[in-house]
Amino acid sequence: HLVKRADDTQVVNVISLPTALGYAHWMAPGVPAERIAALRAAYAATLKDPEFLKEAEKLSMQLRPQTGEEVTALAKQVTETPKAALTRTAKILGW
């Protein structure tokens, strides 16, 4: 690991989150679990669909499929980041 200190790791995780998430789709709180499950299943099926994959290749799209659970875990990681680490990240990035 290039990053040794825990507080540095938190900063790196916050900065790299957009890359890790990619183009995820979000839903507002309170969406029924069965609707979330249906949408996640639809996305998973799309990412296995030969026609979709053929079109993505034709358009030179880079696909990095992630499950809904993986995206949720990444987002939760940042929401649980201590405020001091977020403040430090903002200062490093000049925000």
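Me: Which residues make up the largest nonpolar core?

Reply: In this predicted model, where local features need pLDDT of at least 70, side-chain atom pairs count only at pLDDT 80 or more, and totals for chains, interfaces and linings use all residues, the largest nonpolar core is made up of Leu17, Leu21, Val71, Leu74 and Val78, five residues in all. Residues are numbered from 1 along each chain as its sequence is written, and side-chain values use heavy atoms, with hydrogens and water left out.

Me: What makes a set of residues a nonpolar core?

Reply: The term stands for buried Ala, Val, Leu, Ile, Met, Phe, Trp, Tyr and Cys residues joined through side-chain atoms within 4.5 Å, where buried means under 20% relative accessible area, exposed over 50% and partly exposed in between, with a 1.4 Å probe and protein chains only. The five residues Leu17, Leu21, Val71, Leu74 and Val78 form such a set.

Me: Which buried residues does α4 have, and how do you know on which side of α4 they lie?

Reply: The buried residues of α4 are Gly68, Val71, Leu74, Ala75 and Val78. They cover an arc of only 130° around the axis, so they lie on the same side of α4; the arc is that of the directions from the helix axis to the C-beta atoms, and helices are DSSP runs of H or I with at least four residues, numbered from the N terminus. Among the elements that cover these buried residues are α1 and α2 (33-46), with contact taken as heavy atoms within 4.5 Å.

Me: Why is the pair Arg40 and Glu69 called a salt bridge?

Reply: A salt bridge needs a side-chain nitrogen of Lys or Arg within 4 Å of a carboxyl oxygen of Asp or Glu, and the closest N and O atoms of Arg40 and Glu69 are 3.2 Å apart, so the pair qualifies. Because Arg40 lies in helix α2 and Glu69 in helix α4, the pair ties together parts that are 29 residues apart in sequence.

Key. Helix = DSSP H or I, 4+ residues; strand = E, 2+ residues; numbered from the N terminus.
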